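The following exercises are to be worked with the sequence and the coordinates at hand. Each task is followed by a solution in steps.

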Amino acid sequence: MDTGTIKIKKKLILKNEISFNPETLENLKRIGGVDISFFKEDPNKAVASLIVLDYPSYNVIYEDYELVPLTLPYIAGFLAFREVPAIEKLYKKLVEKDKNNKESKLPQVILVDGNGYLHPRQFGFACHLGVTINVPTIGVGKNFLVIEDGDEMTMDYVKNKWKTETLPQHKDRQPLIGKSNTLYGYAVKSNETTTNPIFVSVGHKIDINTAINIVLKTCVNRVPEPIRQADIRSRKCVREILESNKKGKKEINTKMKKKIKIN
């Protein structure tokens, strides 16, 4: 682990420092969701999204996007170094805008499309983001990287166990514990119809039980609603940019053809 990561990881907090009741979620009013959608035509370009939902209505009360040029190469396990700066920029914009709001739209907790403590260095995207912006975060992944802590910490082992044992019933959870007896997170059955688990882990300033509680309360579908909305809207933004670019190219081509005919 490089010295920069070690330095920021020292600030990681794995217990609740939250503004709401961890069991009943009383006083929880605003939940954030972040996601990044990529351009298939250009893997070095993406759209980052920050969404804030009112809880428990799930109405979107804030949304913002950032077109991101990904200058760093993709390296498994180092996703945060490419993508956290864009989310950080979006959050700082919200902080500035919020100074003029009569009612705050700042999220009390942010759900991240990516893992937190469930990571080879126990410092995934959700941890990195939470420490960077100093906000409680929860990691929610659809898979996870191999963690060198026994066969138990591989996707194959977890998914086979999930399918062959009495799990899954709705809200069932399977602890992800390595040979070292480290609890990295949980595989969770998020709703009645899904056949695959989601992987929940601590990001920053929250404990695992509170994280799971929030995830299950916000799972109308398989993926928690704040993340689902961030994903839907960032993908829509990508499509709109592509359509706009195509329209622009058509207009340029039309002008060029007219110019050629005149000449």
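**Exercise 1.** Identify the backbone atom that lies 3.1 Å from a polar atom of the side chain of threonine 218, then describe the setting of this residue in the predicted model.

*Solution.* Step 2: threonine 218 belongs to the loop that links helix 5 (208-217) to helix 6 (225-262). Step 3: buried means under 20% relative accessible area. Threonine 218 has 0% and therefore counts as buried. Step 4: setting aside residues up to four places away in sequence, threonine 218 touches Ile31, Tyr55, Tyr58, Leu111, Pro224, Glu225 and Pro226.

**Exercise 2.** Determine how many residues of helix 5 are buried, and which strands they pack against.

*Solution.* Step 1: 8 of the 10 residues of helix 5 are buried, and the helix is mostly covered. Step 2: these are Ile208, Thr210, Ala211, Ile212, Asn213, Ile214, Val215 and Leu216. Step 3: the buried residues pack against strand 1 (30-39), strand 4 (109-113), strand 5 (137-141), strand 6 (173-177), strand 7 (183-188) and strand 8 (198-204). Step 4: at the N-terminal end, helix 5 is capped by aspartate 207, a side-chain oxygen of which lies 3.3 Å from the backbone nitrogen of asparagine 209.

**Exercise 3.** State which residues touch the most other members of the largest nonpolar core, and which element gives the largest share of that core.

*Solution.* Step 1: the core has 24 residues, and Val109, Ile138, Val200, Ile214 and Val215 touch the most other members. Step 2: two or more residues each come from strand 4, strand 5, strand 7, strand 8 and helix 5. Step 3: helix 5 supplies the largest share, 6 residues. Step 4: beyond its neighbours within four places in sequence, isoleucine 214 contacts Phe20, Leu25, Ile31, Val109, Leu111, Ile138 and Ile206. Step 5: another core, of 22 residues, lies apart from this one and includes Ala46, Val52, Tyr91 and Leu129.

**Exercise 4.** Describe how strand 2 (residues 42-54) and strand 3 (residues 60-69) are joined.

*Solution.* Step 1: the two strands pair in the antiparallel sense over 9 bridges. Step 2: within this pairing, isoleucine 51 has glutamate 63 of strand 3 as its bridge partner. Step 3: strand 2 and strand 3 form a hairpin with 5 residues between them, and tyrosine 58 in the turn has a positive phi of about 70°.

**Exercise 5.** Find which elements have the lowest and the highest mean pLDDT, and where pLDDT stays under 50.

*Solution.* Step 1: the chain averages a pLDDT of 87, with 86% of the residues scoring at least 70. Step 2: helix 6 has the lowest mean among the elements (72), and strand 5 the highest (98). Step 3: pLDDT stays under 50 over residues 250-263, for which the model has 0 contacts beyond four places in sequence.

Note on methods
Residues are numbered from 1 along each chain as its sequence is written. This is a predicted model: local features need pLDDT of at least 70, side-chain atom pairs count only at pLDDT 80 or more; totals for chains, interfaces and linings use all residues. Side-chain values use heavy atoms; hydrogens and water are left out. Helices (H or I, at least four residues) and strands (E, at least two) are DSSP runs, numbered from the N terminus. Buried means under 20% relative accessible area, exposed over 50%, partly exposed in between (1.4 Å probe, protein chains only). A polar contact is a pair of N or O atoms within 3.5 Å; within protein, one must be able to donate a hydrogen and the other to accept it, and residues adjacent in sequence count only if both atoms are side-chain atoms. Contact means heavy atoms within 4.5 Å. pLDDT is the predictor's confidence in each residue, from 0 to 100. Two strands pair if DSSP finds at least two bridges between them. A nonpolar core is a set of buried Ala, Val, Leu, Ile, Met, Phe, Trp, Tyr and Cys residues joined through side-chain atoms within 4.5 Å.
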